[in-house]
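Please consult the sequence and the structure shown here while reading.

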Amino acid sequence: MLLYLTALLGLYFLFRWYRERQRVPNLTDKYVLITGCDSGFGNELARQLDERGLRVLAACLTQKGAEQLKEATSQRLQTVILDVTNNTSVAAMAQWVKEQVGDRGLWGLVNNAGVACPVALNEWLSVDDFRRVINVNLIGMIDVTLALLPHVRKACGRIVNMSSIAGRLSLLGGGYSISKFGVEAFSDSLRRELSSFGVKVSIIEPGAFKTEILNVEVFKKGLENIWSGLPSEVKESYGEGCYQKLYNRFDAIEKVTTNLSLVTDCMEHGLTAVYPRTRYTAGWDAKLFYVPLSYFPTILVDTIFAKLK
């Protein structure tokens, strides 16, 4: 009996390996728009897809980021300035994309633009602190997606949305986890709605990776400013020790991996595979700890997180 089960399991993984190796033909004729290409995952993916011969449309927040990316890539790659929190900027980008892709449509949309700070305990933050993160990570992503959806449908293409393991488990206060939970929900609804058009939607759930938005100095400076501006009653209630413990936790950022290709390879597969996955988990911390933990009973997860503090 054990032998049969082992054989069936082996056949399943062999079939899965074969299925996931199949690639979409004529990739060099396909356009892919990526947001947040100034640095981090977006910048790495833009370079990676450009090397594969795809027609990359890289959306950058700054002119400097756009120029640096163009210098490091081929003439196929085109850049556009985009602030995902600005409706006028999104509309202008959508018109530019329409002119670029024409009747072929947009094969791929990668919603990668994101911010993490400010991060602190919820009571220490203002509603504007939450809004600042959610407007980029969730509302901006929705705005970009809705603006480009007709072009993606025309190409029967792909949408790849950047979520996080924080979209499964809320690790700290602030808008980041809230926005990523929203990304998961929006992506699920999109996937079901667009399946009849042949559009496939994938979610990327990375663990901790060293990028510009995950910067220990930025996190610490932000927390210092938040703490210094708190009312004395709140400081007394939580205590200096609570603040110091949270401040020191940011040191762990220095130990996370810098191998961004673990994430961008997942993104590329979601765009180029005939049978992309619904969800991609990147990083051993996500695969072995956070994702399994997300299936545990809530009371057990709360206990484990309490110990980790």
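## Asparagine 26

In this predicted model, asparagine 26 counts as exposed, because its relative accessibility is 53% and the cut-off for exposed is over 50%. Asparagine 26 belongs to the loop that runs between helix H1 (2-21) and strand S1 (31-34).

The backbone at this position also deserves attention. Most residues other than glycine have a negative phi. Asparagine 26, however, has a positive phi near 55 degrees.

## Cysteine 156

A positive phi, of about 50 degrees, is also found at cysteine 156, which is not a glycine. Cysteine 156 lies in the loop between H5 and strand S5 (158-162). With a relative accessible area of 36%, cysteine 156 is partly exposed.

## A cis peptide bond

Most peptide bonds are trans. The bond from cysteine 117 to proline 118 is instead cis, and its omega is near 5 degrees. Proline 118 sits in the loop between strand S4 (108-111) and helix H5 (127-155).

## Cysteines and disulfides

A disulfide is a covalent bond between the sulfur atoms of two cysteines. How many disulfides does the count come to? With a limit of 2.5 Å between the sulfur atoms, the count comes to zero. Cysteine 117 is in no disulfide, as the nearest cysteine sulfur, that of cysteine 242, is 17 Å away. Seen from cysteine 242, the closest cysteine sulfur is that of cysteine 117, and the distance of 17 Å is too far for a bond.

Cysteine 117 is partly exposed, at 24% relative accessibility. Cysteine 242 is likewise partly exposed, at 26%.

Technical notes: Residues numbered from 1 in each chain as written. Predicted model: local features only at pLDDT ≥ 70, side-chain atom pairs only at ≥ 80, totals over all residues. Heavy atoms only, no water. Helix = DSSP H or I, 4+ residues; strand = E, 2+ residues; numbered from the N terminus. Buried < 20%, exposed > 50% of the residue type's maximum accessible area, 1.4 Å probe, protein only.
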